[in-house]
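Biologist: I have the sequence and the structure open. Please take me through how the chains are arranged.

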Amino acid sequence: MFSYILRKVLYTIPVLWGVVTVVFLVINIVPGDPVAIMTGQRGDEATLAKIRADMGLDLPIGVQYLRFLEQICRGDLGTSYRNNEPVSSAIRTRLWATAKLAFGALLLGTVLGVAAGVVSAVKKYSLFDYGAMFVAIAGVSAPVFWVGLLLLLFFAYILKWVPGVGYGDGSFKYLILPMITLGVRPAALTARLSRSCMLEVLSQDYIRTAKAKGLKKHVVVMKHAMKNAMIPVVTIIGTQVSSLLSGAVLTESIFAWPGIGRLSVDSLLARDLPMIRGVVVFMAVTFLFTNLLVDISYGFLDPRIRYD
Amino acid sequence: MTENGNNNDSGVTGNLWYEAWLRFRRNRLAMLGFFMIAALLGVAVFAPRLAPYDPFKQLLWTEGIKAKLAAPSPDHWMGTDAYGRDIMSRVIHGSRLSLQIGLLATVVSLLIGVPLGAMAGYFGGWVDDLISWFINVIFAFPFMLFVLAIVAVLNNPSMIVVFTAIGLVSWVSIARVTRAQFMSLREREYVEAAKAIGLPTWTILFKHILPNTLAPVIVQATLGIGSIILTEAGLAFLGFGAQPPAPSWGLMISDGQQYLATGQWWWALFPGMAIMYTVLAFNFLGDGLRDALDVRLKR
Amino acid sequence: MSLLRVNDLKTYFDTDAGLVKAVDGVSFSVEQGETLGIVGESGCGKSVLSLSVMGLLSEPSGFVAGGDILFEDTDLLRLSESSMCSVRGNRISMIFQEPMTSLNPVMTVGEQIMEPLIVHRGMTQRAAFGETVEMLKRVRIAEPAQRMREYPHQLSGGMRQRVMIAMGLVCSPSLLIADEPTTALDVTVQAQILRLMNELKSVTGSSIIFITHDLGVIAQMAERVMVMYAGRAVENRDVGPLFKEPLHPYTRGLLRSIPLFCEKQDRLSTIPGVVPSPLKKIDGCKFHSRCGYAFDRCRSEEPPLFRLGAPGKNASVRCWLHENGKRDFTEGRR
């Protein structure tokens, strides 16, 4: 088990390096002058030269790269071009809002998705199964931002059950709609996956053994089948984080949610390259870190890996 | 096992595809997806004839102020927008844009993903390590944000940039599927036999293995079209995709969103339904193909 | 009184291609402490028969269409699902063909064996643990307490089948159904497991229904044998007479396809043809197309089970050659 964890941790390091390098390449070796992009071709040549020197863009590309790597290793993600705010502090002030949103959505999606998927599998071809699976495939197919807007329309503007856009005082009622919006996709994916995994597990020989022991149906499902069926479901939580972060970009812009997704859209619109660079690196690192956790917990869930 | 080893024989392959077609035809959801896409293609091809109005024409000039933000009516089934443009005509024309991006980005991702996945799976060793590493690196980025960053940095939200950027990110899932297929196929007896009689590597790769990897790749690509269309809509919604006055579904939702609070729901509603219809159709088709071709995708 | 009495059992499957009569009117009984062997090729309905007794048919496609299953004078088919749960694994238990896949990969071996004790006997974890250690000793597993903490993938195939047997016998059932328990194992391990089962049976006095396609195994294990073909019982005999003088042409075919090491055999014979598709309706005797003795009547009219010998002897055969107890193999040989 220890060597399994160590292997996973060690493998993350080259991927991390790759992520940083790709971000650097995309931002710095694009056709055109990054400073010109940022300033939008305004400003005279002297100003541009000064910005270039401030950002170290006049140095050879290799040197820039090494400086960037060294900065990242120190945990320094750079400084915003727009307002001179350090990127890491900009992320820190918005982290809590995004964490709340993403965690809420993931929790909602997983609980709802697993419940719907398991019931669908146990009651295969029932009305519930058809209904739930139709809702699930619709949920995967609907654009996140459109779902968010419809929820706003119904629950905030027509029924007036919840406040509209904004973070408000940070209380739960402001979180409800964004959380549901962002949770639709994970819920739908989890429901589809749980159903197919559960069906697969229920047809296994060891389930027949469990029934032959005289266990009641719910014990067979909840104890013997559940543990096996949930292994793949846990592993996709890692992948979900990536789509959650993508979805957060859209959800936060609809709901004027002061999180990292919103920060990234704002900096993209302002062509604030250091900020974009920092946010992308931060999100990729978050993804790698959660996947590392998922891989480790996978080892705990599946004894076949634990004793490898 | 000799019959299985003989997969390359065109007769056998033909039969396998024919059987798959029979299974596909029996799958009701798959057929639904198939007809939904056929209908959509029809709409896209005949858009100028089907659309009741010119999608760019601001009817304020001809019909007066009542054509501004008109609710759905027999004249304008989906209403009009704040510029007095007929929303239904714009939704119909929008299908062209969505399908084009969906197909072109898929082509880009296939062109990158299939060769890289094939090399990783077939050669193994350091080639596999290197390509797998690269796949994991790209996979670590949130899809949407990475595409946004590429488009923003290129500072040029033209269609070519949008579909290339999406393709540059979405090839990873194609590469993963291709790699897994090549890995399992290179151990098969008929490939060993081809190697033993001294066929060149490229002949083995393209003539003997590639045809047998098609099914999972087709399924993955079909399912991918849906998420590509969603990504394109998201880009346009945030202002990084199609630019006004293009009749892009994502852009229309973006323009219409501010009118939701004041009760003009139709501007944002109908384009969203069009996106959902399209993505749903590709998902039905992908699921159906997966069942018909008997493909098991790893995640 | 018989321990288990199955009368005219019919188990059908509703499939897309039509109704499959997997078990079509089979009757048999198992006495206290007796081993009944059920033999037949794959697809003859022997596994479906055992799953019907256990009430474990894959619903809703598989269902019992008729007959009754009397276990200790209770009709199992009329029991509610929850009363059936207290029979399964407690008074009747079953072990399966594939020890590799029949154990839950994410639960320890100990947890899985202790489960029936906790469910049926209401034992505490601690008591069940002690009982399980004893049970594992009886199935000759060394270091039982250590093994109990391990997972199935850490054990060998033979070991896993011992665990399955321990799990089946831990509540001392009066009937054990063993469905091809040794088929997936190699020959030496198979011999060990069979010896173990015979020993355990002599200690516990349980009855066994032993299902296999292998007549060699039947000779070692069973006292009485039922031969099945295409969902029907074709011959019921005691094991000795069956091997000495098989009556049904199908049984003769099966016996002749066993390799014998002591006698001179020019060529191992096989039964020509294959088991007919269960979807095909066959007129007459179901075996006639593969039978060397078949004559006109076999093709038009299905023979009933003819009783042989004294009324109490319980020997019967479903073949026109043996109508009224005559044993005539001379006629009609192709």
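Modeller: This is a predicted model: local features need pLDDT of at least 70, side-chain atom pairs count only at pLDDT 80 or more, and totals for chains, interfaces and linings use all residues. Residues are numbered from 1 along each chain as its sequence is written, and chains are lettered from A and ligands numbered from 1 in the order in which they are written.

Biologist: How far apart are the nearest C-alpha atoms of chain B and chain C?

Modeller: Contact means C-beta atoms, placed from the backbone, within 7 Å. Chains B and C do not touch. Their nearest C-alpha atoms are separated by 12 Å.

Biologist: How many residues of chain A are in contact with chain C?

Modeller: Chain C brings 26 residues to this contact. By class, that side of chain C has 12 nonpolar, 11 polar and 3 charged residues. Nonpolar means Ala, Val, Leu, Ile, Met, Phe, Trp, Tyr, Cys and Pro; charged means Asp, Glu, Lys and Arg; the others, Gly among them, are polar. On chain A, the number is 19.

Biologist: Which strands stand at the edges of the sheet in chain C?

Modeller: Strands here are DSSP runs (E, at least two residues), numbered from the N terminus. Strands pair if DSSP finds at least two bridges between them. The open sheet has 4 antiparallel strands in the order 2-1-4-5. Each edge strand has a single partner, so one side is left without a neighbour in the sheet: these are strand 2 (18–30) and strand 5 (74–75) of chain C.

Biologist: Which residue stands opposite C:Leu70?

Modeller: Strand 4 (residues 62–71) of chain C is joined to strand 5 of chain C by 2 bridges. The residue opposite C:Leu70 is in strand 5 of chain C: C:Asp75.

Methods
Contact = placed C-beta atoms within 7 Å.
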